[in-house]
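Subject: Structure handover

Hello,

Here is the structure I said I would pass on. My notes on it follow below.

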Amino acid sequence: MTKYVYDFAEGSKELKDLLGGKGGNLAEMANLGLPVPPGFTVTTDACRAYLRGGDEPFGLADEIGLHLERLERQAGRRLGDPADPLLVSVRSGAKFSMPGMMETILNVGLSDATVAGLAAQTGGDDRFAWDSYRRLIQMFGRTVCGVPGEAFEQALDDAKRAAGTTDDLGLDAAALRGLVTRYREIFREHTGRDFPQDAREQLDQSIRAVFNSWNGERAVLYRRQEHIPADLGTAVNIVAMVFGNLGPDSGTGVAFTRDPATGAPGVYGDYLANAQGEDVVAGIRNTVPLQQLAADDKRAYDELMVIMAKLEAHYRDLCDIEFTIERGKLWMLQTRVGKRTAAAAFVIAAQLVDEGVIDLDEALHRVTGAQLAQLMFPAFDLTQAPERLARGIAASPGAAVGAVVFDAKRAAARAARGERVILVRRETNPDDLPGMIAAQGILTSRGGKTSHAAVVARGMGKTCVCGADRIEVHDGHFTVDGRTVAEGDVVSIDGSTGTVYLGAVPVQESPVVRYFEGTLSPDADPLVAAVDRILAHADKVRRLGVRANADTEDDAARARRFGAQGIGLCRTEHMFLGERRPLVERLILAGTDDERDKALADLLPLQRADFERLFEAMNGLPVTIRLIDPPLHEFLPPLDELAVRVALEESRGEPDGHDRALLDAVQRMHEENPMLGLRGVRLGLVVPGLFAMQIRAVAEATIACRERGITVRPEIMVPLVGAVQELEAVREEALRLLGSLGVQARVGTMIEVPRAALTAGEIARAADFFSFGTNDLTQMGWGFSRDDVEGAFFTRYLELGIFGVSPFESIDRDGVGRLVRIAVDEGRRARPDLHIGVCGEHGGDPASIHFFHDAGLDYVSCSPFRVPVARLEAGRCSVVATGSDSR
């Protein structure tokens with residue numbers, strides 16, 4: 001029979017698939033001899049079985065009962081005992097951290113019969129007992145039974161007003177006893193039944209509620225945002241309660257072994273005296289720095305420092321720790337490898353290498369291309385001395401500008417209309433997630449670096465400023481020092497300094513981009529030094545080459561500065577726009593061979609100059625030039641616009657012969673689906689001399705550059721080939737023309753038509769190289785028009801889980817990816833020396849790069865700004881392949 005429950009002594013962090021991250025790490029701490037309250041974990045297997053069947057799996061209740069008895073023996077108390085009750089917490093714990101997205105219920109086991117026993121345990125502290133009871137009813141009611149949280153909050157506000165206080169701590173035992181009575185009435189009003197008094201019933205219902213929360217709206221949204229698989233399920237941890245709300249010698253806190261925002265060494269965290277569980281991360285009261293604990297309780301602080309050092313040494317990484325002090329006794333409630341900003345990830349990885357804790361392979365594995373991309377975002381330019389409104393805690397770096405919005409739903413709606421917004425809240429909670437995702441940045445008046453807003457923002461790479469306590473948030477506006485900022489007013493928030501500015505502050509390039517541009521030395525900034533060091537190691541170990549998609553000399557020069565090893569895609573059609581459009585019109589309107597040849601002859605020197613500039617920028621590196629791809633009618637005015645113009649001209653008796661000729665040409669060339677029509681190789685075969693002009697321009701540019709001492713490595717790529725005969729026809733003409741000018745160049749093709757992938761063995765006989773055009777391969781493979789579908793129905797497809805991410809964003813491994821693998825295998829079987837790359841947008845996507853590495857490609861090509869990201873991820877592919885992941 002499947003084992004569904006594990007005591008902490010039976011587990012370890014290596015079992016996180018089964019026990020979840022929280023359960024595995026609780027077990028790990030317990031096995032290290034750290035002060036962890038006794039408890040046990042219900043596995044993710046149980047959750048998945050429950051969600052599949054709609055009820056708990058056979059035998060689970062009995063297993064929980066056996067482990068509960070063992071817990072009661074360890075704690076010396078029994079669940080539901082009126083005289084000396086055991087209380088437990090019931091917490092979620094998935095494999096991957098999902099802060100605040102699933103449910104927690106504290107103080108399970110309290111009832112009318114046991115509340116007096118709890119007070120007796122604590123020396124007659126009635127206030128503590130009734131405070132704990134009201135928290136249970138509130139959490140249980142909202143989480144297990146769906147009672148609106150606002151109803152409880154309103155009752156709490158009413159009680160504070162009646163007591164003449166603004167703080168929960170101002171409520172005495174009598175007021176809290178009255179609040180419990182009101183909470184039970186609210187529970188009955190919304191559920192039609194009394195709050196359950198049986199402790200085991202409370203426990204069983206709480207476990208089921210945590211299971212159900214895996215598929216709660218906010219958890220699903222967070223998983224989609226973070227690309228966490230939906231089929232993992234969550235474990236449930238049942239732990240004996242320890243209490244931080246027993247008075248001034250008790251408290252609760254969250255700590256980091258290094259600064260999660262910057263990576264700076266030292267101890268960072270928040271502490272809140274006389275508080276329980278969620279009070280710190282919820283930002284309900286402003287915390288004090290962890291160092292304050294050293295003055296309040298030196299013994300507990302010193303013990304905590306020893307434990308934190310032990311955990312960082314054990315995990316070999318930044319650790320995020322939750323703890324409670326119960327009347328001077330320190331208890332460890334959780335640890336995990338902590339979430340950190342992108343900057344901190346690089347800095348910490350480099351520090352740990354210097355400290356001899358990890359090697360450079362492991363450092364490379366601990367950072368990601370997505371994090372490097374975040375570091376390339378701009379920062380504020382403060383030279384104009386913008387007006388500073390307030391300062392809070394720098395919780396997640398970046399520069400964010402937008403209109404103030406005070407409600408998560410409104411923020412999401414305004415962002416969907418294309419507005420840039422800043423979500424402003426007293427403190428965020430998991431229900432705010434849609435607005436947090438949509439906003440450019442998050443600003444709260446409460447909470448610290450460990451608040452919900454800070455932790456979630458860091459995980460998403462969002463700019464966040466927390467605990468700006470001079471800001472008073474009201475309905476529809478906030479005030480600070482007598483100034484009012486209304487919804488819709490623009491503010492700028494700096495997550496690196498915690499500063500809030502009024503109005504839009506201009507931004508400037510990040511130091512990482514300045515480093516890539518060559519205007520900032522690595523020695524000038526610790527972050528830049530870390531990026532330089534780790535990226536250099538990535539270049540050393542990676543197998544995949546990295547090229548750039550570039551059509552201009554400026555793009556090519558930037559790509560080279562950013563580390564590109566050549567141009568993997570030059571889209572020549574981009575060179576036919578702007579001032580050259582009239583020449584293309586002449587080509588399209590040519591009525592005779594002579595007119596067509598004259599138009600091509602006029603285009604030739606312009607193309608030659610284009611290629612010379614690219615070859616010069618890429619001196620010594622390969623340049624892959626794709627022959628013209630899109631339909632020629634794309635260079636003409638739209639049909640509807642042109643038809644209206646001609647009709648108006650003729651109705652006025654002022655016909656324009658040129659416009660009429662253009663309209664006739666557009667109507668003649670009109671296609672119902674031009675992306676599947678006369679384009680690419682088809683266009684080159686149908687319009688005589690078009691490809692020949694471009695090939696001649698390549699050859700003449702090569703000759704001119706070589707005469708100036710420039711090393712040129714030209715490659716000619718034929719687009720949209722579906723049959724080997726198409727490529728053979730173009731290749732024969734190209735080699736004949738190149739040979740006549742004494743120039744050698746590789747001739748290959750883009751694999752972007754599914755038939756080309758399926759017949760790659762035949763096509764490889766006529767190709768020196770393949771380059772996958774994954775944009776079109778995805779479009780044709782799925783039958784999606786990429787210009788239409790993303791706005792039309794992709795949002796709904798993502799909601800339904802038909803795919804977890806847009807297939808135009810990250811490669812579809814099962815479908816389009818299979819076409820890629822077939823083409824690689826059959827192409828190399830026919831021609832072992834076949835060089836293969838990818839030049840679609842997937843070439844710069846971190847997840848897709850790992851697929852291309854595994855599929856055996858030789859290089860990826862992407863936009864210039866994504867080149868560093870691709871270099872890093874290509875290095876990580878090699879590290880992952882050697883199995884150096886230690887976590």
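Accessible areas here come from the Shrake-Rupley method with a 1.4 Å probe. By that method the protein chain exposes about 34,700 Å², and carbon and sulfur atoms supply 49% of that area. Please keep in mind that this is a predicted model.

Overall shape. The C-alpha trace of the protein chain spans about 105 × 65 × 55 Å along its principal axes. A compact globule of 887 residues would have a radius of gyration near 29 Å, and the 32 Å of the protein chain agrees with that.

Fold and packing. The protein chain has 35 helices and 33 strands. Of its 887 residues, 56% count as buried. Take the contacts between residues at least 6 apart in sequence: 69% of them join residues at least 24 apart.

One residue in detail. Asn 245 sits in the loop between β7 (234-240) and β8 (251-258). Is Asn 245 buried or exposed? Its relative accessible area is 3%; buried means under 20%, so Asn 245 is buried. The side chain of Asn 245 makes a polar contact of 3.2 Å with the side chain of Asp 131. Leaving aside neighbours within four places in sequence, Asn 245 is also in contact with other residues, including Phe 128, Ser 132 and Arg 135. Further along the chain, its contacts include Ser 250, Asn 274, Ala 275 and Gln 276.

Regards

Note on methods: Residues numbered from 1 in each chain as written. Predicted model: local features only at pLDDT ≥ 70, side-chain atom pairs only at ≥ 80, totals over all residues. Heavy atoms only, no water. Helix = DSSP H or I, 4+ residues; strand = E, 2+ residues; numbered from the N terminus. Rg over C-alpha atoms; globule rule 2.2 N^0.38 Å. Buried < 20%, exposed > 50% of the residue type's maximum accessible area, 1.4 Å probe, protein only. Contact = heavy atoms within 4.5 Å. Polar contact = N/O pair within 3.5 Å; in protein donor to acceptor, adjacent residues only side chain to side chain.
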